Amino acid sequence: MKTRIITAFTGLFVAVAALAGTAATAPEASARVASGSYTYTTVSFGVPSKSRAVIRGSSLTVYAPAGVQRYRLHQTRSGAFYDVMGTRYVLRKQRGGVYSGPTQWGPVVIGHSTLVPRR
């Protein structure tokens with residue numbers, strides 16, 4: 001009898017873990033940053049920068065005055081983010097296909113970024 005109870009609990013545990021794993025690995029990505037051409041504006045420590053940018057899949061390419069820079073976007077439910085040398089750039093979906101959000105260095109907000117579609 002004790003073996004049957006343990007087997008039943010083990011089966012139940014495996015089923016719940018499998019269901020939880022499926023839900024955790026398949027998040028909703030409805031606000032995924034759309035591929036296309038954008039104007040990318042950032043302000044960090046009060047210094048503005050404006051460049052042409054292109055998104056293809058989960059890759060952001062910025063044609064900045066310092067040269068071409070490529071970043072890997074981490075898609076989220078509300079948009080995306082990417083990290084560069086301890087700085088996180090958050091891009092949340094807004095109206096009109098615009099993405100914007102804070103630029104953070106650790107827990108400190110040091111500016112903001114905006115992606116506006118080029119038409």
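I started with the largest pocket and found that strand 1 gives the largest share of its lining, four residues. The model is predicted.

**Pocket.** I looked up the volume of the largest pocket and noted about 350 Å³ of space. I then listed the elements that give two or more residues to the lining: strand 1 (36-44), strand 2 (47-56), strand 3 (59-64), strand 4 (67-72), strand 6 (79-84) and strand 7 (87-93). The lining has 19 residues, and I marked Thr42, Gln69, Tyr71, Tyr82 and Tyr89 as those nearest the centre of the pocket. I sorted the lining by type and got 12 nonpolar residues, seven polar and no charged.

**Threonine 87.** I placed threonine 87 in strand 7.

**Salt bridge.** I recalled that side chains of opposite charge can pair when their charged atoms come close. I searched for salt bridges and the count came to one. Which side chains meet in a salt bridge? I found those of arginine 88 and aspartate 83, at 2.7 Å from N to O. I checked the accessibility of both partners.

Notes
Residues are numbered from 1 along each chain as its sequence is written. This is a predicted model: local features need pLDDT of at least 70, side-chain atom pairs count only at pLDDT 80 or more; totals for chains, interfaces and linings use all residues. Side-chain values use heavy atoms; hydrogens and water are left out. On a 1 Å grid over the protein atoms alone, a cavity is a set of points where a 1.4 Å probe fits but cannot get out, and a pocket is an open set with protein on both sides within 12 Å along at least five of seven lines; lining residues have an atom within 4 Å of a point. Grid points are joined across faces, edges and corners, and a volume is the space filled by probe spheres set on the points. Ala, Val, Leu, Ile, Met, Phe, Trp, Tyr, Cys and Pro count as nonpolar, Asp, Glu, Lys and Arg as charged, and the others, Gly among them, as polar. A salt bridge is a side-chain nitrogen of Lys or Arg within 4 Å of a carboxyl oxygen of Asp or Glu.
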